[in-house]
Amino acid sequence: MIIESFVILALIAAIFNTDLTGFGQFMICRPIFCAPIFGFLTGNIVEGLWMGMIVELLWINAVPLGSYLPPDICAISILATVWVNKFFPGLESASCTALLLAIPFGYACRNIDYFGRKINVKIMYWIEDGISKEQYKRINIGIGLGLVLFIVKFFIFYLAAIPLGGFIFDLVYLNIPNFAVTGFKRAWFLFPILGFGSTLYAFWQFRKQRWMGR
Amino acid sequence: MLKDYMKAYARVFFVQSLWNTERQQNVGLLFLIKPFLEKMYTDPKIRKEAFLRHTEFFNTHPYMTGIIAAFVVKTETEIAKGNTDLISTMSQMKRSMASPLAAIGDSLFSDTLRTAIALISILLTIVFSLIEPDNLAEFGILFPFIFLVLFNLFHIIGKYIFMLTAFALGQEVLLTLAKPSFRLAIVVIAVLGFLTTLLATAAYFIFIDANSLLGIGDLRNILIFASVLVLSLFFAKKYINLKLIITVLICILWGYLER
């Protein structure tokens, strides 16, 4: 492992996750990018490459649209990569287990994000009040506060999820019977096909709709 | 003026920093147009009114916000010159631009361009794993960066061009974006993405088969591969978690029967 500290990993993960909404949307939050980077940071880039590829394919059309928030796939891919590289690097069955275990954490992260957006309403009212008093600096301060809030909420999430989920993952994986381990390994190699199917369908439908002008 | 445009362009990246559940990107838009409004209005009372006008609900695709911001700045310039009739229509115009621009942004960036570039990166990863499996750890870091650089080339330049065009053309920029040539470009990207996915699927099958990763013979490999692909096509974009669970359960059952 290049970075052993959960705190540093959580901080980097929080910055990556902020890209999803808070700043830039440069797509560093997409699994195809963040999972290999975390694979590299935790000592096994190949693990990250496969994890990123699979999560990206499965949720290829998952982007926050308006008030719709899909499960946080950035969190899913980062957590699964870190757990596997920390406890059972190079084992496909472990990767599959980690991915499945990371999904509920992805939903939890989404809910935390939603909660943060509700807090932003209060900041928005504070800004509006400031405008009424001709204190326009509040707009800049509010944007800064919103950005800090994004990073802080994700940082706290990762700080809790990396060790807690890792502990659960370790416990679960060690108690999986042998036949299920073989099953998980096969499932791991079948996951990309599920993603390819969804992507083919999405492109086909999209092309058809656009071409027909619908 | 170019300095102001650049300032506004830099602010486009922060447009969702205070995304809130009630009025969504309203503060982001205010942050974007703030330097212009401060310059335009010297009378404190009128300036305050101008700022308050834009605290209302606002939301569009984050990559397209620059276009609406440019439209708002152009309209506010007219209002500052005395054309106060525009005040009553601005809100409606903003809303009527936001939805089509969000749809264009989704079609161009989220549904096609990003997906197609991600697929190119995935295809390269699979092909490299087939040809040079021992060097994947060494050169693997290149593939995510191919995705990032390629996508942001379009994203960063596209955002800039969209915004500058909107500053020049105003609301007419929508007509430019609705042109058949623009729509055709999106379809071409979608077709390329579709073909890349087909290639990636084929490359992945060769990868699975060549390494006997399912631990079974050729014909059964094809059968399993095809079955999962059909399952996925059948459920398509829905029930992702269910698809995963079904696949895992079938594989566990398969392992159990093989004991």
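This is a predicted model: local features need pLDDT of at least 70, side-chain atom pairs count only at pLDDT 80 or more; totals for chains, interfaces and linings use all residues.

A: In chain B, 73% of the contacts with a separation of 6 or more are between residues 24 or more positions apart. Of the 259 residues in chain B, 39% count as buried. The secondary structure of chain B consists of eleven helices and zero strands, so its elements, read from the N terminus, run α-α-α-α-α-α-α-α-α-α-α. The radius of gyration of chain B is 25 Å, well over the 18 Å that the globule rule gives for 259 residues, so chain B is more spread out than a compact globule. Its C-alpha trace spans about 80 × 35 × 35 Å along the principal axes.

Chain B is also divided into domains: domain 1 covers 2-211 and domain 2 covers 217-259. The C-alpha centres of domain 1 of chain B and domain 2 of chain B lie 37 Å apart.

Chain A has 214 residues, of which 55% count as buried. Its secondary structure comes to seven helices and zero strands, in the order α-α-α-α-α-α-α from the N terminus on. Along its principal axes, the C-alpha trace of chain A spans about 70 × 55 × 25 Å. Among the contacts in chain A with a separation of 6 or more, 74% are accounted for by residues 24 or more positions apart.

Now the part asked about. The contact between the chains takes 74 residues from chain A and 77 residues from chain B. On the side of chain A that touches chain B, the elements giving two or more residues are α2 (31-41), α3 (45-58), α5 (92-132), α6 (137-174) and α7 (178-211) of chain A. The largest share of that side comes from α7(A), with 26 residues. By class, the side of chain A that touches chain B has 48 nonpolar, 17 polar and nine charged residues.

Notes:
Residues are numbered from 1 along each chain as its sequence is written. Chains are lettered from A and ligands numbered from 1 in the order in which they are written. Two residues are in contact if their C-beta atoms, placed from the backbone, lie within 7 Å. Helices (H or I, at least four residues) and strands (E, at least two) are DSSP runs, numbered from the N terminus. Ala, Val, Leu, Ile, Met, Phe, Trp, Tyr, Cys and Pro count as nonpolar, Asp, Glu, Lys and Arg as charged, and the others, Gly among them, as polar. Domain bounds come from an automatic or database domain assignment. A residue is buried if 20 or more other C-beta atoms lie within 10 Å of its own, exposed if 12 or fewer, and partly exposed in between; C-beta atoms are placed from the backbone. The radius of gyration is taken over C-alpha atoms; the globule rule is 2.2 Å times the number of residues to the power 0.38.
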